[in-house]
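Thank you all for coming; I would like to walk you through one structure this morning, going slowly for those who have not seen it before. Please have a look at it first, and then we will go through it piece by piece.

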Amino acid sequence: VMPDYKTLLYSLDNGVAEITLNRPDSLNAFDDTMAAEMQDALKNAERDSAVRALIITGAGKGFCAGQDLAAVRERPEGISFREHLLKTYNPIVNKLSSIEKPTIAAINGAAVGAGFGVALACDIRYASESAKFRMAFIGISLAPDSGTSYFLPRLVGMGRALEMAYTNELIGAANALNLGLVNKVFPAADLLTQARALASQLAVGPTKAYGLTKRAMLHAAASTIADALDYEAHLQDIAGRTADHKEGVAAFLEKRKPEFKGK
């Protein structure tokens, strides 16, 4: 049974789960409901062995405008930013970066603030020609959150990341591609087709090895070369015991295409 959400659309087809942020009237800005439902949807995708790749996209003309500021202003008691982040975006970004299945952001429009963070936390970013990116935090006198301080400098370098954060510049799709913020840019009409094609290709791949690859790279981003080498050896031990590894070797020796089961 597919989960039924108020603020998201969730579907599963041939191993590919698709989560569509679905508050188009607010450019898919996060309110508390959407943040909670996003956490639930990611947990579902993680637990469901039928899911072997994941696409995240937005309904309408925006990808995600970040935090719904109107929802914040409605709280008469004010807000503890720390508590808010621990309850909303931190679990989302943590889950996206630790889920051991390939994740693709299909960025169909503006990705701003926390929405930018969600896009950055995905493994691969495909953008529509109409996609735009903005850090946005400095515009309301806030510091970076939603994982942007971690992922952005690693993608574009420290100087460029600080410039984007300080100036609050709007980065168009072509510029984002040049900077390495996104992997590929497509005409708007082709974006989901291309994201689904990649997800379908990955969904028949060695899922466990993808997960270990992601683990290796995130670990290495914060370790010494000696530590990274040691962790690689540890992960390779795990990968070497998978059924897909045995199938991959057999297929290579038999000169045929492997049939990976994600196990």
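This is a predicted model: local features need pLDDT of at least 70, side-chain atom pairs count only at pLDDT 80 or more; totals for chains, interfaces and linings use all residues.

Residues are numbered from 1 along each chain as its sequence is written, and side-chain values use heavy atoms, with hydrogens and water left out.

Arg73 belongs to helix α2, residues 69–73, where helices are DSSP runs of H or I with at least four residues, strands are runs of E with at least two, and both are numbered from the N terminus. From Arg73 to Gly205 there are 132 residues in sequence and 46 Å in space, taken C-alpha to C-alpha.

Now to the sheet, which is open and built from six strands in the order β1-β2-β3-β4-β6-β9, with mixed pairing; two strands pair if DSSP finds at least two bridges between them. At its edges are β1 (8–13) and β9 (184–186), each of which pairs on one side only. Strand β6, residues 124–128, pairs with β9 in the parallel sense over three bridges, and Tyr126 has Lys184 in β9 as its bridge partner.

How do the helices pack? Helix α4 (residues 89–98) and helix α5 (residues 114–121) pack at an angle of about 15°, with axes 9 Å apart; axes here are lines fitted to C-alpha atoms, for helices over the stretch in contact, and angles run from 0 to 180 degrees between N-to-C directions. The two helices α4 and α5 are therefore roughly parallel, given that angles under 35 degrees count as roughly parallel, over 145 as roughly antiparallel, 65 to 115 as roughly perpendicular and the rest as oblique. Tyr89, Ile92, Val93, Leu96 and Ser97 of α4 meet Ala114, Val118 and Ala121 of α5, contact meaning heavy atoms within 4.5 Å. By class, the residues of this contact are seven nonpolar, one polar and no charged, with Ala, Val, Leu, Ile, Met, Phe, Trp, Tyr, Cys and Pro counted as nonpolar, Asp, Glu, Lys and Arg as charged, and the others, Gly among them, as polar.

Helix α5 also packs against helix α6 (residues 148–156), their axes coming within 9 Å and crossing at roughly 60°, which makes α5 oblique to α6. Here Phe116, Gly117, Leu120 and Ala121 of α5 meet Thr148, Phe151, Leu152 and Leu155 of α6, and this contact has six nonpolar, two polar and no charged residues.

I will finish with backbone angles. Most residues other than glycine have a negative phi. Ser146, in the loop between β7 (132–134) and α6, has a positive phi near 60°, and at 3% relative accessibility Ser146 counts as buried. Lys255, in the segment after α12 (243–253), has a positive phi of about 55°, whereas its relative accessibility of 77% counts as exposed.

How values were computed. Buried means under 20% relative accessible area, exposed over 50%, partly exposed in between (1.4 Å probe, protein chains only).
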